[in-house]
Every structure is written in structure tokens, then in C-alpha cells.
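Please open the model in your viewer and keep the selection panel at hand. The stops below are meant to be taken in order.

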Amino acid sequence: MSLETARPRGPHGESAALAFRATEPGRAAGSAAAHERSPTRGRKPRHLTIGRIGLYGFVAIAAAFFILPAVVMILTSLKTMPEIREGSIFALPESFDLTAWIKAWSSACTGLDCDGIRVGFWNSVLITVPSTILSIAAGATLGYALSFWRVKGADILFAVLLLGAFLPYQIFLYPMVRAFSMVGLYNTLFCIVIVHVIFGLPIMTLIFRNFYAGLPVELFNAARVDGGGFFRIFWNVMLPMSTPILIVAAILQITNIWNDFILGLVFAGRENLPMTVQLNNVVNSTYGEREYNLNMAATILTAAVPLLVYFVSGRWFVRGIAAGAVKG
Amino acid sequence: MSQQSATVDKRPSHQRASRMNERQGAGHTPPGRPAGETAGIAEPSVSVRELDIAFGAHKVISGLDLDVSPGEFIVLLGPSGCGKSTLLNAIAGLLDISDGEIWIDGKNVTWAEPKDRGIGMVFQSYALYPRMSVEKNLSFGLRISKLPKAEIDGRVARVAELLQLDGLLKRRPSELSGGQRQRVAIGRALVRNVDVFLFDEPLSNLDAKLRNELRVEIKKLHQRLGNTMIYVTHDQIEAMTLADRIAVMRGGVIQQLGAPKEIYRKPVNRFVASFIGSPSMNFFDGELRGSAEASAGRLPAGPVFQLGGSGAASSVPLARYDFIERAPAQSRAAVFGIRPEHIALGDQPDGHFSAEGKVDLVEAMGADTIVWTSLAGVPLTIRTDGETEIRPGETIRFGFDPASACVFDAGSDLRL
């Protein structure tokens with residue numbers, strides 16, 4: 001027993017300890033006994049308690065809750081329709097059949113057009129890229145201005161912006177539709193981008209303001225003594241330090257905008273409907289038999305972009321959540 | 001330094017630093033300074049006039065005046081929250097003032113941008129631009145003002161040589177030690193070729209050894225460049241060693257403005273007396289008795305300070321004490337102060353105060369030893385040499401020259 005508890009980790013330490021014990025048996029036994037008594041030394045005790053089992057069980061169920069639907073979706077998307085009708089939803093496909101994926105991408109019918117979900121994909125790209133860039137640019141500039149430049153009424157402006165972040169945006173829909181049609185912008189790509197920038201502004205301003213509030217004001221003062229103006233300090237001093245928060249902001253905005261449904265449906269116009277809206281059209285078109293494999297493939301394709309963003313940048317995303325910057 | 005004292009001389013003629021200073025300036029020539037007052041011909045390098053600064057309803061500084069002569073090294077000293085950094089930031093133009101004027105090099109810069117004031121500034125946290133190399137950090141301001149490249153390179157090279165930064169120019173600030181970072185920060189102020197340098201607690205973030213090294217470097221730099229320097233610190237050693245004049249601040253008011261020696265020897269009030277010196281001055285509450293009331297007995301004639309209780313041992317003769325005005329005729333409540341280093345062990349010559357006390361504690365500090373005893377029931381520290389054999393429990397004889405003491409009014413805390 002004393003041998004067991006006093007054994008150091010690693011082969012070298014072990015042999016050294018054994019050699020030591022061989023030369024001085026009496027003292028070694030004494031020290032080993034002392035180690036055994038000390039609760040902070042030696043190997044960690046391993047007990048599988050009821051609590052542990054419950055904990056692991058809960059974790060397993062929670063994981064299954066998220067993984068099983070994904071598995072079913074992938075399996076189903078790879079099956080043929082007869083296979084789906086006859087087999088269990090968990091049954092493996094007989095062969096990897098990519099027809100449903102190809103069809104979903106290039107020839108599924110969204111209403112009257114049958115060009116597949118790729119139209120929506122490219123529309124979503126066209127909406128997401130400028131909206132993300134513009135909303136981050138606006139939020140970063142505003143957050144920088146609010147945290148470093150003592151603008152009159154800055155606190156009031158910030159409070160109003162925050163209020164905007166917490167009001168449900170459905171209440172703005174109708175007034176905005178009216179306003180955009182009055183200036184003739186309604187149902188354009190420009191319109192949906194502007195809408196995304198406006199709705200992204202509160203959260204973007206909040207996270208950038210919080211980030212810049214954490215930077216030392218002396219840095220800003222030093223740049224002012226050096227003669228930097230508003231944009232010079234922003235561009236040359238602050239932005240180069242903002243990489244972490246820029247990544248967080250980009251993740252937030254890309255996933256938010258890509259996943260948006262209602263704004264795209266209302267403001268984008270028929271020509272620019274984003275992928276989420278197109279997916280709905282594919283899935284809910286009610287001609288004949290429901291093509292589950294195609295629906296599953298189209299759904300996975302639509303979710304692919306945010307999924308990819310999560311997988312690639314999960315670490316940064318968690319950091320963003322930890323910064324208290326998360327809404328959707 | 002002789003040049004310094006000449007520029008310092010003109011001060012009393014138009015100094016409006018504080019109420020207390022005005023009071024002291026009237027008819028009382030501080031020691032260590034030539035008596036003749038020259039008229040202020042040279043224009044002050046930095047002049048702060050009736051400055052008011054308020055954050056909301058909270059007035060941080062009100063009605064502050066300060067003139068800094070060209071080439072002078074002035075230290076703003078005080079505890080945290082005394083307004084010294086606020087004053088410096090106001091001079092730099094980094095915060096808006098409520099009222100008053102700020103003049104630098106004969107120009108009213110009250111509402112000028114920091115870059116247009118002809119100042120360079122060094123911050124406590126270095127405030128180096130983290131994503132730029134040392135070279136880019138140094139040249140940032142010059143590049144903004146679109147100087148020719150040759151000029152920029154020349155200035156950067158000169159400053160790098162002056163501060164021994166040659167080998168570090170390509171490094172990022174994160175690759176530098178604390179001392180190197182602060183040297184870069186000083187360099188960034190130097191490349192601007194300005195007349196006035198502002199230091200905001202530049203050594204506070206460094207460890208003790210580096211702090212001493214850089215302090216000497218800053219002193220050398222000042223001797224070499226001869227620029228006006230305004231230096232904020234709460235460290236009295238930095239203040240004493242660096243300053244031509246120290247402005248001791250409390251509560252947004254300059255308590256005393258004067259040469260380090262003057263501040264040390266003739267503090268205008270009890271606050272200044274206790275803030276300067278380590279260990280700090282010993283204070284005793286008691287009564288100042290006028291010469292008329294001096295009790296008959298063994299004591300010589302003249303005013304006497306009665307320490308706390310009664311008895312001959314606790315009466316300090318003040319015949320040798322240099323009162324600002326005449327010694328008061330009536331007795332009044334007062335505070336008596338004596339620095340630990342002005343107390344000597346052993347028997348005392350005539351006219352000096354002498355007493356006995358039991359040693360409570362002995363702190364050996366290497367070069368010095370601090371002996372804790374008590375006088376008139378109040379703890380008393382004595383600074384003596386490091387070789388002393390005194391042990392706790394012994395009874396020692398000690399005393400001091402009343403001329404080196406300070407007597408303050410009990411109500412106003414002002415020096416008498």
C-alpha cells in the first residue's frame with residue numbers, strides 16, 4: 001500500500017524512488033507512510049459514486065438530444081424515397097446516394113422556379129457579406145467614439161441604443177416597410193443590408209464599447225498627444241488591437257444574418273430571398289409526395305454556413321459569450 | 001543648478017500658488033536661497049492661472065495658480081486623489097477645464113489640442129502602441145505630422161542613442177522589459193522636440209531597483225536637455241531627488257511650493273510636514289506658552305512648548321526656534337513636530353531639549369536604525385546610525401535642537 005501511494009509518476013521517478021528505498025529501507029518506509037496520511041499527495045482516489053453516474057448519464061442524454069436529430073437528418077438525406085418509406089429512421093442507408101443533395105442544391109422547386117436552393121445560397125452570401133462588414137464597421141466606430149471621446153449626450157445615445165437591442169423587432173417591421181417604400185428602396189438588396197446594419201448596431205456597439213472600455217485610456221491619451229485625430233487613432237492604434245473582438249463580432253453577425261428569416265422575407269424582395277426563406281419554400285411546397293431526403297439535404301446545406309463558423313471559431317465564440325455580448 | 005536657483009528666485013514676487021504660500025511669501029525669505037528678489041523678466045514656460053476643474057458637481061481643483069520657469073523641474077507631489085494627475089492632464093489638454101487659463105511658452109493654449117501645445121508626455125502604464133515596433137512607436141507622432149522621412153529617421157536615431165534603445169528598434173513592446181518600455185515611452189516624448197515634458201507617475205509600475213536607475217536617468221536627461229519638466233508622483237523620494245521645486249498638493253490645492261530643502265525644513269503646515277520624510281515626523285499635542293508666562297524655575301527665559309502632560313522634562317524651550325512672526329505672547333493650543341533624524345542620542349548641549357525614555361522597539365534598516373520610544377506618553381521614533389547597540393527595554397537619553405523643530409497651530413495646522 002505504501003509503495004502504491006508513494007510512487008511518483010513516470011518511469012524515471014519510479015526507479016529512483018525504488019533505488020532510494022532499496023538503500024535506506026527504514027527511512028523510506030517512514031516517509032511513504034507519511035505520504036499515505038497526507039490527503040494532498042499521491043494518486044487521486046477513484047470512486048464511481050451514484051452522483052457521478054447520474055452526472056455522466058445526464059451529459060450523455062443531453063448530447064444525444066442534440067446529436068440524434070443531426071444523425072437522422074444525415075442518414076435520411078442519403079437514402080432513396082422507397083428506403084425512407086420502408087425502413088426505420090435510424091437504419092443506415094443501403095448505398096450512399098447523393099441524388100437528393102444534388103437535387104436540393106440545383107433543381108429543387110421553390111414555388112414556381114426549380115433552380116434549387118443554390119439561388120438562396122448566393123442571395124444569402126450577397127446579403128451577409130456586406131451586412132456583416134458594414135454593421136461591424138458602424139458598431140466599432142460607434143463603440144470607439146462612445147468609450148473614448150466624451151461626446152455630449154453619449155450616455156443617452158447609448159441607453160437609447162440598448163433599448164433598441166431589447167425591443168422585439170417585429171414592432172418595427174411595418175413602419176420600416178412604409179418608410180422604405182416611400183423612398184423607393186423597398187424589396188432591394190440595399191434595403192435588406194441596411195435593415196441588417198440597423199438591427200445589428202445596438203449589439204455591435206455594445207460589444208465594441210465594452211471592449212474599448214477595457215483598454216487603458218492612457219493609450220488613447222498618448223495617441224492624442226502624438227497628434228492623432230479621431231480616425232487616425234481608431235485606425236492605427238485601436239483597430240490593430242481589436243482582432244479578438246472583431247472575430248467575435250464577425251461570428252455573431254454572420255450567424256445572425258445567415259439564420260435570419262423574417263427580415264429577409266419582409267425586406268429582401270423576390271429576387272433576393274435568402275437561403276432560409278428559400279428552404280422554407282422548398283420544404284413547404286406541397287406538390288405530391290414529400291421528399292424527405294431532399295428536405296433534409298436542403299436543410300443541412302442551409303445550416304452548413306453557421307455550422308462551419310461554429311466549428312472553425314468555437315473558441316472565439318465562447319469567448320464572445322463570456323464577454324457578456326450575446327443575444328441570439 | 002545655479003541657473004535654476006536664479007529662475008526660482010523670481011517666484012515670491014508674483015507667486016500666487018496658494019493662500020498658505022502667500023502668507024509665507026510675505027516677509028519670510030526661506031533659507032537656502034539668495035535673499036535678493038529679481039523681478040520676473042523671463043516668461044514662465046508653463047503658467048496655470050485660476051484653474052477650476054470640476055467633474056459634475058464635484059470640484060477637483062479650484063482657483064489654482066502655478067508658474068513654471070523655463071528649464072525648471074517641478075514635481076507635483078501628493079497622496080492619491082489630491083488632483084495632481086488632474087492638473088497634469090489639464091496642462092496636457094487631455095481633459096476639459098471648467099475655468100481659468102493655461103499658457104505654455106507664452107501662448108494661451110487653454111483650448112488648444114494636446115498636439116498643438118508643444119508638450120511631450122510619459123504615462124504610468126507606458127501606453128506604448130502594442131502592435132507597433134519600438135521604431136514605429138517613436139515615430140508615430142512624427143509620421144502623423146508628415147515630417148520628411150530623413151528627419152524622422154534622424155530624430156528616432158538620436159533618441160534611440162540617447163536612451164540606449166538602439167538594439168531594440170525592431171521589437172514589439174511586449175518583447176521589452178518594464179524598464180525598456182518606459183524608456184521607449186520617454187523616447188516617444190523626446191522625439192517631439194518640445195520644450196515641456198509631462199510625466200505622470202512614470203516609475204510607479206517599476207520595481208524598486210529599476211525605479212532608482214530610471215530616476216537617475218531622468219535626472220541626467222533633464223540636466224542634459226534643460227527642458228521644462230512637470231512630474232507627478234506620490235513618492236517623496238522621487239520628488240526630493242528630482243525636483244528644483246516641489247508643489248505639495250492636497251484636495252486640489254497646492255499646499256506649499258518650494259525647493260525640496262525648504263519643504264523639508266520649513267513645511268508650511270502639518271500636512272506637508274507629515275507627508276515629507278520617512279519615517280514621518282513625530283507630533284505632540286500640547287500648549288505653546290508665551291515668554292511672559294514661562295514658569296520660573298530651571299528653564300531659560302523665552303517661549304516654551306508644553307508637551308501633553310506637565311513636568312520639566314516635557315517642556316521644550318523655544319528660544320532657538322525661528323517663529324514666522326514673533327513668538328505669541330499668550331498661550332495657545334499647538335502641535336509640536338520633530339523629525340526622527342533630528343533627534344540625537346546622549347546628553348544635549350545648552351538650549352536643546354533633553355529627555356529620557358524606555359526603548360519599545362528597534363528596527364534595523366542597514367544604514368540606519370529606527371528606535372521607538374515614547375515622550376510625554378506619545379510614541380516617538382528616533383533615527384540613528386546602523387551600528388547602534390540599543391536593545392528594547394533599555395532606557396535611553398535623547399534630545400534635539402528646538403531650531404530644527406516645527407510648531408503648528410492646533411486649529412489651522414499652519415506653521416507658527
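Predicted model: local features only at pLDDT ≥ 70, side-chain atom pairs only at ≥ 80, totals over all residues.

Residues are numbered from 1 along each chain as its sequence is written, and chains are lettered from A and ligands numbered from 1 in the order in which they are written.

**Chain A as a whole**

Chain A comes to 16 helices and zero strands. Of its 328 residues, 30% are buried, a residue being buried if 20 or more other C-beta atoms lie within 10 Å of its own, exposed if 12 or fewer, and partly exposed in between, with C-beta atoms placed from the backbone. Among the contacts in chain A with a separation of 6 or more, 74% are between residues 24 or more positions apart; two residues are in contact if their C-beta atoms, placed from the backbone, lie within 7 Å.

**Domains of chain A**

Next, colour chain A by domain, with bounds that come from an automatic or database domain assignment: domain 1 is 2-37, domain 2 is 50-97 and domain 3 is 118-322. The C-alpha centres of domain 2 and domain 3 of chain A lie 33 Å apart, and their contact takes seven residues from domain 2 of chain A and seven residues from domain 3 of chain A. On the domain 2 side, α4 (50-77) and α5 (81-86) of chain A are the elements that give two or more residues, and the largest share, four residues, comes from α4(A). That side divides into four nonpolar, two polar and one charged residues, where Ala, Val, Leu, Ile, Met, Phe, Trp, Tyr, Cys and Pro count as nonpolar, Asp, Glu, Lys and Arg as charged, and the others, Gly among them, as polar.

**Tyr186(A)**

Now centre the view on Tyr186(A), in the loop between α9 (170-182) and α10 of chain A. Is Tyr186(A) buried or partly exposed? Tyr186(A) counts as partly exposed because it has 16 C-beta neighbours inside 10 Å. Not counting residues up to four places away in sequence, Tyr186(A) touches Val177(A), Phe180(A), Ser181(A) and Cys191(A).

**Where the chains meet**

Show both chains and select the contact between them, in which 14 residues of chain A are in contact with 18 residues of chain B. On the chain A side, α11 (217-225) and α12 (230-238) each supply at least two residues, and the largest share, six residues, comes from α11(A). By class, this side of chain A has seven nonpolar, three polar and four charged residues.

**Nonpolar cores**

A nonpolar core is a set of buried Ala, Val, Leu, Ile, Met, Phe, Trp, Tyr and Cys residues joined through C-beta atoms within 7 Å. The largest one has 128 residues, and those with the most contacts inside it are Ile91(B), Leu198(B), Ile230(B), Ala247(B) and Phe336(B). The largest share of this core, seven residues, comes from helix α10 (residues 189-213) of chain A. A second, separate core of 16 residues includes Ile127(A), Val197(A), Val266(A) and Val277(A).

**Helices of chain B**

Select helix α4 (residues 84-92) of chain B, which is largely enclosed by the rest of the structure because eight of its nine residues are buried. Among the buried residues of α4(B) are Leu87(B), Leu88(B) and Ile91(B), and just after α4(B), Gly93(B) takes a positive phi of about 85°. Moving to helix α5 (residues 134-144) of chain B, find its buried residues, including Val134(B), Leu138(B) and Phe140(B). The buried residues of α5(B) pack against α6 (149-162) and α7 (178-190) of chain B.

**A sheet in chain B**

Finish at the open sheet of three strands in chain B, ordered β17-β18-β19 with antiparallel pairing; two strands pair if DSSP finds at least two bridges between them. The edge strands are β17 (361-364) and β19 (378-385) of chain B, each pairing on one side only. β17(B) and β18 (residues 368-375) of chain B pair over four bridges, and Leu361(B) has Trp372(B) in β18(B) as its bridge partner.
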